[in-house]
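Please open the model in your viewer and keep the sequence beside it.

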Amino acid sequence: VPGVGVGAGKVVQVATTLTLSGLTLVANTWYHVYLYDNAGSPAVEAVIAAPATPYFGKARVKTGDSSRRYLGSMATNASGQLHKIIHLQYNTVFYLESLNLAPFLVVAGSATAFTQVDCSAIVPVSSKEAKTNYLLTTNVGNAFVANSEVNFTPNANNYLLAIPVGANGSADFVLDASQRFTYALDATPGSGLFRVRVSGYRFER
């Protein structure tokens, strides 16, 4: 980060890599990383306090403290260790973890009424885009995906994404402000499930 605005027009120049060590982390918790000016020297902190809504474009600061410029977020697992990730360009993050079980497996169901799915355990507050892998193994019924903010009533004719019976693949799910999406099948299956696993996300900063 060669230069990032912090507070009222200040730019903090970071000439060398900044590191954090000796952290004691709480299990199943989001930590948010902020850059700030520490008496003339750049520094970073990782804290539970979430970023505020963007103050300019996509830029955010720490809630209640405009001297802290938001850089990104990281989540811990049930053992208080950080989930392993790879951070790619365009603020895209992928998990390097097994996606087979919770918290990455967010859906294993067959609801026929649109049902909310919460991804906030693995998608940070600064993101509204989940990278997902989906698998629809039902014997009948197509799956439809939307969210609580769409400008229509979700049904088999109105949706953000349609997944035909028997399909599998990857897709970006558009989330609402609480990192949720909704889904429903258009028929009650006699067997099989709709499964969605979150493999990563793209965030704003």
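Which residues make a nonpolar surface patch of about 240 Å²? Select Ile86, Leu88 and Leu96, which together make this patch; a patch here joins residues with over 30% relative accessible area and no salt bridge, like charges within 9 Å and nonpolar side chains (Val, Leu, Ile, Met, Phe, Trp, Tyr) within 5 Å, and accessible areas come from the Shrake-Rupley method with a 1.4 Å probe, only the protein chains shown counting as cover for residues.

Before going further, note that this is a predicted model, in which local features need pLDDT of at least 70 and side-chain atom pairs count only at pLDDT 80 or more, while totals for chains, interfaces and linings use all residues. Residues are numbered from 1 along each chain as its sequence is written, and side-chain values use heavy atoms, with hydrogens and water left out.

**Around the patch**

Stay with Leu88, which belongs to strand E7 (residues 85–88); helices (H or I, at least four residues) and strands (E, at least two) are DSSP runs numbered from the N terminus. Leu88 is partly exposed at 39% relative accessibility, where buried means under 20% relative accessible area, exposed over 50%, and partly exposed in between (1.4 Å probe, protein chains only).

Next select Thr92 in strand E8 (residues 92–95), a residue that is buried, with a relative accessible area of 9%. Leaving out residues up to four places away in sequence, Thr92 touches Ile86, His87, Lys131, Tyr201 and Arg202, contact meaning heavy atoms within 4.5 Å.

**Charged pairs**

From Thr92, move to its contact Lys131, which is buried at 13% relative accessible area. Lys131 forms a salt bridge with Glu129 at 2.9 Å, N to O, and another with Asp172, where the closest N and O atoms are 3.3 Å apart; a salt bridge is a side-chain nitrogen of Lys or Arg within 4 Å of a carboxyl oxygen of Asp or Glu. Because Lys131 lies in strand E11 (residues 127–136) and Asp172 in strand E14 (residues 168–174), the second pair ties together parts that are 41 residues apart in sequence. Asp172 is partly exposed, with a relative accessible area of 43%.

Now select Glu45, whose salt bridge with Lys62 brings the closest N and O atoms to 3.1 Å apart. This pair links strand E4 (residues 41–47), which holds Glu45, with strand E5 (residues 61–62), which holds Lys62, 17 residues apart. Glu45 counts as buried at 14% relative accessibility, and Lys62 is buried too, at 16%. By the salt-bridge rule the count comes to 9.

**A last stop**

Finish at Ala177, in the loop between E14 and strand E15 (180–185), where Ala177 counts as partly exposed at 48% relative accessibility. Not counting residues up to four places away in sequence, Ala177 touches Lys128 and Glu149.
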